[in-house]
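Here's a quick look at a chain and what its coordinates have to say. Have the viewer open while you read.

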Amino acid sequence: MVQININAIPEADMNVMARGLLASITAFYEDPENMRRFQEWERQQEEKNRKIETV
């Protein structure tokens with residue numbers, strides 16, 4: 001397994017990677033189908049948490 005020491009990555013490089021990741025995340029959630037699937041997943045998680053709390 002490859003391990004990456006993120007503390008060794010220069011801040012400028014980290015910023016470049018973060019900008020690219022943010023752009024990808026933004027594009028993903030701009031798609032209404034992806035947003036609908038996320039909201040459904042979120043509802044399922046809340047339901048699971050409620051069941052755990054009542055046990």
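Which residues make a nonpolar surface patch of about 530 Å²? Val2, Ile4, Ile6, Met14 and Met17 do. Keep in mind that this is a predicted model.

## The greasy patch

One of the patch members, Ile4, sits in the segment before helix H1, which runs over 11-30. Ile4 counts as exposed because its relative accessibility is 67%, and the cut-off for exposed is over 50%.

## Overall shape

The chain has two helices and zero strands. Its radius of gyration is 18 Å, while the globule rule gives 10 Å for 55 residues, so the chain is more spread out than a compact globule. If you want a box for it, the C-alpha atoms fill roughly 45 × 30 × 20 Å along the principal axes.

## Surface and burial

Of the 55 residues in the chain, buried ones make up 2%. The chain exposes about 5,300 Å², and 58% of that comes from carbon and sulfur atoms.

Gly20, a residue of helix H1, lands in the middle class: its relative accessible area is 37%, so Gly20 is partly exposed. From Gly20 to Arg37 you go 17 residues along the sequence, and their C-alpha atoms are 23 Å apart in space.

## Charges

As for charged side chains, the chain carries 7 positive and 10 negative ones.

Conventions. Residues are numbered from 1 along each chain as its sequence is written. This is a predicted model: local features need pLDDT of at least 70, side-chain atom pairs count only at pLDDT 80 or more; totals for chains, interfaces and linings use all residues. Side-chain values use heavy atoms; hydrogens and water are left out. Patches are made of residues with over 30% relative accessible area and no salt bridge: like charges are joined within 9 Å, nonpolar side chains (Val, Leu, Ile, Met, Phe, Trp, Tyr) within 5 Å. Accessible areas come from the Shrake-Rupley method with a 1.4 Å probe; for residues, only the protein chains shown count as cover. A salt bridge is a side-chain nitrogen of Lys or Arg within 4 Å of a carboxyl oxygen of Asp or Glu. Helices (H or I, at least four residues) and strands (E, at least two) are DSSP runs, numbered from the N terminus. Buried means under 20% relative accessible area, exposed over 50%, partly exposed in between (1.4 Å probe, protein chains only). The radius of gyration is taken over C-alpha atoms; the globule rule is 2.2 Å times the number of residues to the power 0.38. Lys and Arg count as positive and Asp and Glu as negative; His and the chain ends are not counted. The place of a charge is taken as NZ of Lys, CZ of Arg, CG of Asp or CD of Glu.
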